[in-house]
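Here is a short report on how the parts of this protein are arranged and how they meet. Please read it alongside the coordinates.

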Amino acid sequence: MSNLIFFQPCSSSACLFDKAITNPILFFEISIVLITIISLFFLRKIQKRILYRYFVIMMGIFIFEFFTAPMWHNYRMGSWAYVYRDVSWILTLGWSTLILIPATFIDVYMVNRKAWERVVSYILSISVLGLFAEALVVNLGIRSYAPETLEAISGNFIPFLNIPWEGVYYIPVFLALVLSFYKYWSLLIDKVLIPPIKNNKLGRNLMISILGVFLFELMIEPMVVNAGLPSWSYIYKDISFIITGGWILIIWLSISIVDKIFIYCNFKDKTILYVLFATIVTLPIEAWLIVNKFRLYGPSATENFSGYFIPLTTVPIEIAFAIPFYLVLIISFIKYWIYRFDIKK
């Protein structure tokens, strides 16, 4: 049975992997569904609109999984368990539940603590759980890593867990992005009144943008190589401040311009405008970089491509979807922390 990508059959090699489920994996999947149902039943008693919150976390995780799919493989889960290539809705449920439970308890019982204290508590507690969850899926034979990912890591593994030491970095960065996405959209769920800020602190906002973009670029470094740039421009492995700095400026300017011109727009409209403006600028630049071989996607990424291209170009159509996905995660991170610094809580 082939996967579907936007209701089109997947015939690429990325879909030709072992989907035959084993009994331990089936038990694992049933357990995730049951734990999710039970958790939502009890969490709704201590937190309002819990289904909305769960949906937001699921969206954040799915966006991340879609964008980073070439970096790891999820096999042997049964053909019905996949929604895109080897991205599984079961694992999305599992991560969402793993994040929602600690986040809800911390929000309810640490409500008087500052936002950064709660975020540190989220990341520390969920990272520990996440390392054991990653070890579980690896040792069940579900999770493996793409050749580019294995090449980029040290090759040293955490004793007894059988996962790379880089997981100690990857999981907190993943959580920082997904939790910021969740907390940002929770402002809408909680109907928080966000007053217009007339005096934007551009320097501070730029620093937040640098942090968000650089951490994410560092994480996805195995998936795409920045090539052919001056040697002095590389700051870590193939990460070049020319390209990464360009993304930072585009995102920062998009946020600053929208906040300045559309100061009285509502939350949703502003977010759409941030992503729209940044995508309009970023997409043709990324296409130019790909065509001129300054951006080289690895074999695992190219195998994930469907074979469809952006009209009038040779750029894979997946890039057109990946860019706004990338931007909505990064912009949610940036805007959440801008909001927190503005209200000083």
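This is a predicted model: local features need pLDDT of at least 70, side-chain atom pairs count only at pLDDT 80 or more; totals for chains, interfaces and linings use all residues.

Residues are numbered from 1 along each chain as its sequence is written, and side-chain values use heavy atoms, with hydrogens and water left out.

**Domain interface**

Contact (heavy atoms within 4.5 Å) involves 41 residues of domain 1 and 38 residues of domain 2. About 3,800 Å² is buried between domain 1 and domain 2, and carbon and sulfur atoms give 75% of that area. Buried area is the accessible area (1.4 Å probe) that two parts lose on being put together, summed over both.

Across this interface the rule finds 4 residue pairs in polar contact, both residues being at pLDDT 80 or more. A polar contact is a pair of N or O atoms within 3.5 Å; within protein, one must be able to donate a hydrogen and the other to accept it, and residues adjacent in sequence count only if both atoms are side-chain atoms.

The side of domain 1 that touches domain 2 draws at least two residues from each of helix 2 (50–68), helix 4 (115–139), helix 5 (147–152) and helix 6 (167–189). Helix 6 gives the largest share, 13 residues. Helices (H or I, at least four residues) and strands (E, at least two) are DSSP runs, numbered from the N terminus.

**Salt bridges**

A salt bridge here is a side-chain nitrogen of Lys or Arg within 4 Å of a carboxyl oxygen of Asp or Glu. The count comes to 10 salt bridges by this rule. Across the interface of domain 1 and domain 2 there is 1 salt bridge. Two pairs are listed below.

| Salt bridge | N to O distance |
|---|---|
| R85 and E318 | 3.9 Å |
| R76 and D18 | 3.5 Å |

R76 and D18 link distant parts of the chain, 58 residues apart. R76 sits in the loop between strand 3 (72–74) and strand 4 (82–84), and D18 in the loop between strand 2 (8–9) and helix 1 (23–43).

**Overall fold**

The protein has 11 helices and 10 strands. Its radius of gyration is 20 Å, close to the 20 Å that the globule rule gives for 345 residues, so the protein is as compact as a globular protein of that length. The radius is taken over C-alpha atoms, and the globule rule is 2.2 Å times the number of residues to the power 0.38.
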